[in-house]
Amino acid sequence: MDEPDGAQASSVTAVMPASRLGTAASSRGSGLFFVARAGRPRPGAQVPAALHLSDHPLTQAFAAFDLPDGRIDKVYLHWSAGPYDRPSSAYHFVVGFRTGLLFAEQTHDVRENMRQVTPDVAYAAHTRGRNSYAIGVSALSMLDATPHDFGPAPLTPELLDALLAMTAFICRRYGITVHPQNVLTHAECAVVENYFGLLPQQRWDLSRLDPAAEPLTEAEALDTGEALRRRISAYLR
Ligand SMILES: [Zn+2]
């Protein structure tokens, strides 16, 4: 989902505290973590085989994007919590389905976020407190979704793959290293900044890739973020 830089965001830096990530990562070794995830495969636990951007069905669409020279340090991954075919200018680039066909589209000028954004300027308001020098990408999907029921426009493997390939393309263009400080899901940002959850003012974008009965946890959100970065990296090897 989208988000402007809010008042509470002014004191928040754009850096993911390593200590927070480290704490979450170490918790994976606890029995509790594995009990909580029993019966479900860990997403992307293995390193995926190399993928090729030039083979992706949307490669022509990516090549048509306006990606001007300038400073972009971060990419944030979202879902829109809407239907498949409703692009939003809160993001710079979206993927979705239109009449059943996968598409990728630019929805905002990257130049507007190639600066320290302030409330008096226009910019793509994708991630609270993190919109400066940052691109937001979104998979149009997850209308009325919950962690247990992804609703009438669920995230699909094809849509997710398109989002990850598009992210890889952008990372390559701007020389962004695929690292948890630079490429994050909105859910990971929400974990770090204490707004992770299902309430309207909270976010859980891309914390879970398939509906499941068990409660959503911060550990799952961070685990999924790691798995997605491995798949993005597979496009850049
Ligand atoms: Zn979001």
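Residues are numbered from 1 along each chain as its sequence is written. Because the model is predicted, local features need pLDDT of at least 70 and side-chain atom pairs count only at pLDDT 80 or more, while totals for chains, interfaces and linings use all residues.

Trainee: What is the order of the strands in the open sheet?

Mentor: Strands are DSSP runs of E with at least two residues, helices are runs of H or I with at least four, and both are numbered from the N terminus. Two strands pair if DSSP finds at least two bridges between them. The edge strands, each pairing on one side only, are β3 (101-106) and β5 (183-185). With mixed pairing, the 5 strands of the open sheet have the order β3-β2-β4-β1-β5.

Trainee: Which residue of β5 is the bridge partner of Y76?

Mentor: Strand β1 (residues 74-79) pairs with β5 in the parallel sense over 3 bridges. In β5, the bridge partner of Y76 is L184.

Trainee: In the hairpin of β2 and β3, which residue takes a positive phi?

Mentor: β2 and β3 pair in the antiparallel sense over 6 bridges, and the β3 partner of F93 is Q106. The hairpin has 2 residues between its strands, and the residue with a positive phi, near 45°, is T99.

Trainee: What angle does the direction of helix α4 make with that of β4?

Mentor: Contact here requires C-beta atoms, placed from the backbone, within 7 Å; axes are lines fitted to C-alpha atoms, for helices over the stretch in contact, with angles from 0 to 180 degrees between N-to-C directions. Helix α4 (residues 157-174) packs on the sheet and touches β1, β2 (93-98), β3, β4 (134-139) and β5. Its direction and that of β4 make an angle of about 165°.

Trainee: How far apart are the end C-alpha atoms of helix α6?

Mentor: α6 lies across β1 and β5, and 13 of its 17 residues are buried. The expected span is 1.5 Å times one less than the number of residues, so residues 218-234 should span 24 Å. In agreement with this, the end C-alpha atoms are apart by 25 Å.

Key: A residue is buried if 20 or more other C-beta atoms lie within 10 Å of its own, exposed if 12 or fewer, and partly exposed in between; C-beta atoms are placed from the backbone. Two residues are in contact if their C-beta atoms, placed from the backbone, lie within 7 Å.
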